[in-house]
Amino acid sequence: MSCLLALSGLVPCMLALAYSVYRGCSLQRSCRALRAELELHRNAEQRLQFIAHHDVLTGLPNRLQFQIQLEHGLAFARRHGSLLALLFIDIDRFKSINDTLGHEAGDQVLMQFAQRLQHAVREVDTVARQGGDEFIVLLTELHSGADAARVADKIIAAMAAPFSIDGAALSVGASIGIAVYPDDDDDMDALIEKADLAMYAAKQRGAAAGMRYVASMQARACSHLILETALRHALQHEEFMLHYQPRMDLQQQRITGVKALLRWQHPELGLVLPLDFLPVLEASALIMPVGAWAMATGVAQAQRWLARGQPLIVALSLSARQFYHKEAVSSLAALLQQSGLPGQWIELEIAESILLDKNQNGEAILRQFRQLGVGISISAVATGYASLNYLRRFAVDRVKIDQGLVDTLRRDDDAMLRAIVALAHTLQMRVVAGGVESGAQLAQLAALGCDEAFGFCLSRAVAAAELEALLDSWHSVELVSAA
């Protein structure tokens with residue numbers, strides 16, 4: 001009995017002890033769970049903070065974080081009387097990479113570009129992504145503006161080696177604009193704007209270039225903006241038109257085709273030639289809608305001439321942006337189908353530099369165009385034999401030699417022309433000479449075996465109605481003097 005009483009007293013103690021142990025374990029588990037939850041919240045908060053101040057793709061500071069760094073840098077420079085510089089950087093031909101190889105390839109280029117950019121500058125410098133294919137670098141504690149130029153050269157050199165994208169080697173350049181505090185400005189936003197202006201000036205100079213801001217860039221930027229606005233108005237109010245320059249078959253001595261040339265009928269300035277507005281058009285997004293209008297107008301005109309009983313091949317120029325656009329082939333296919341025009345009456349003229357760009361899949365795009373039945377002409381074959389030999393693997397109908405080579409005939413120097421004509425004919429290509437200004441040149445080109453020619457000696461570019469009148473009276477033109 002005494003044992004039972006002892007045990008009965010022990011049970012509550014054991015239960016109390018067990019409850020305490022359980023409660024202690026539960027509290028420990030609760031504390032651990034609470035700590036884990038707090039850690040999750042802390043990590044999530046840090047992640048949100050990172051996302052708010054950094055570019056997710058490259059991990060670089062974003063525009064907001066860069067502005068914070070720039071404010072600190074300017075404050076330090078003002079206190080210590082030191083220099084700092086901004087480098088505004090744009091990837092050359094990035095849009096065509098995106099359009100032809102896809103956004104995934106574009107993202108890989110951006111990530112590799114960002115890594116090279118970071119390795120090209122000091123740890124104390126700030127590299128940020130502004131958005132799209134634009135980056136900006138803050139260089140602090142400089143001795144002179146020349147230091148910034150040297151860094152720009154270093155960045156350009158760092159991008160010179162090919163980028164490896166899905167096993168393919170791409171050549172990716174950088175255009176860089178430089179603005180220096182306090183020489184160019186002492187305001188944060190103004191410095192960014194001036195570095196941006198300098199970058200556009202560098203891009204206009206050519207691929208892989210760097211330029212320091214100068215005051216004249218501001219005036220050029222204003223005139224560029226004014227002209228771009230006027231061109232947008234011209235498109236909306238149907239002020240653009242096509243003129244056609246006849247192209248003659250030198251053996252048959254008859255007009256077999258025309259080159260379509262863009263003109264702007266300005267309400268106050270009159271007829272404006274492409275030399276005055278085409279660079280702005282191609283630098284802006286307007287080249288796409290204007291190019292689409294020109295293509296539709298050229299196809300419709302070729303169909304009218306065919307129905308009139310005067311079939312002519314209409315040659316239309318394509319810029320790099322138009323050629324590599326993902327809907328380029330399908331858009332032309334739709335135009336041909338809607339108009340009922342056979343593809344053989346349209347010729348696409350493409351600069352050789354577009355096809356020689358190893359970054360692009362130009363050969364595949366040419367094959368797609370050829371499936372529509374259209375002709376392909378390569379323009380600006382100025383270097384002659386070497387580039388033409390390279391082009392032998394492309395599906396090309398004609399090569400156009402420029403006025404520079406035609407002018408060599410004046411110096412009785414036809415060796416290069418003979419080589420080009422011979423090679424082109426071996427490759428089953430016809431040779432078209434542009435910029436022919438005299439009957440003597442025309443006769444020499446025919447003697448060399450050149451197939452076709454156009455230039456002022458035949459006719460300037462004229463409106464469709466004027467060309468039709470010229471064709472109607474072509475039999476009365478004194479071809480002997482022009483041949």
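Student: Where is Pro182 found?

Tutor: Pro182 is found in the loop between β6 (174-181) and α6, where helices (H or I, at least four residues) and strands (E, at least two) are DSSP runs numbered from the N terminus. This is a predicted model, in which local features need pLDDT of at least 70 and side-chain atom pairs count only at pLDDT 80 or more, while totals for chains, interfaces and linings use all residues. Residues are numbered from 1 along each chain as its sequence is written, and side-chain values use heavy atoms, with hydrogens and water left out.

Student: What makes the peptide bond from Tyr181 to Pro182 cis?

Tutor: The bond from Tyr181 to Pro182 has omega near 0 degrees, and it is cis.

Student: Why are α2 and α6 called roughly perpendicular to each other?

Tutor: The axes of helix α2 (residues 63-80) and helix α6 (residues 188-205) come within 10 Å and cross at roughly 110 degrees, where axes are lines fitted to C-alpha atoms, for helices over the stretch in contact, and angles run from 0 to 180 degrees between N-to-C directions. Angles under 35 degrees count as roughly parallel, over 145 as roughly antiparallel, 65 to 115 as roughly perpendicular and the rest as oblique, and α2 and α6 are therefore roughly perpendicular to each other.

Student: Which residues of α2 and α6 meet?

Tutor: With contact meaning heavy atoms within 4.5 Å, Gln67, Leu70, Glu71 and Leu74 in α2 meet Met188, Leu191 and Ile192 in α6. By class, this contact of α2 with α6 has five nonpolar, one polar and one charged residues, where Ala, Val, Leu, Ile, Met, Phe, Trp, Tyr, Cys and Pro count as nonpolar, Asp, Glu, Lys and Arg as charged, and the others, Gly among them, as polar.

Student: Why are α4 and α5 called oblique to each other?

Tutor: The axes of helix α4 (residues 103-120) and helix α5 (residues 145-158) come within 9 Å and cross at roughly 140 degrees, and α4 and α5 are therefore oblique to each other. In their contact, Arg116, Leu117 and Ala120 in α4 meet Lys154, Ile155 and Ala158 in α5, and these residues divide into four nonpolar, no polar and two charged.

Student: How do you know how α9 and α18 are placed relative to each other?

Tutor: Helix α9 and helix α18 (residues 464-472) pack at an angle of about 30 degrees, with their axes 12 Å apart, and that makes α9 roughly parallel to α18. Here Gln301, Trp305 and Arg308 in α9 meet Ala464, Leu467, Glu468 and Asp472 in α18, a contact with three nonpolar, one polar and three charged residues.

Student: Which residues line the largest cavity?

Tutor: On a 1 Å grid over the protein atoms alone, a cavity is a set of points where a 1.4 Å probe fits but cannot get out, whereas a pocket is an open set with protein on both sides within 12 Å along at least five of seven lines, and lining residues have an atom within 4 Å of a point. The largest cavity is lined by Arg247, Lys259, Glu347, Glu349, Ser377, Lys400, Val432 and Phe454, which divide into two nonpolar, one polar and five charged. About 40 Å³ of space lies in this cavity, a volume being the space filled by probe spheres set on the points, with grid points joined across faces, edges and corners.
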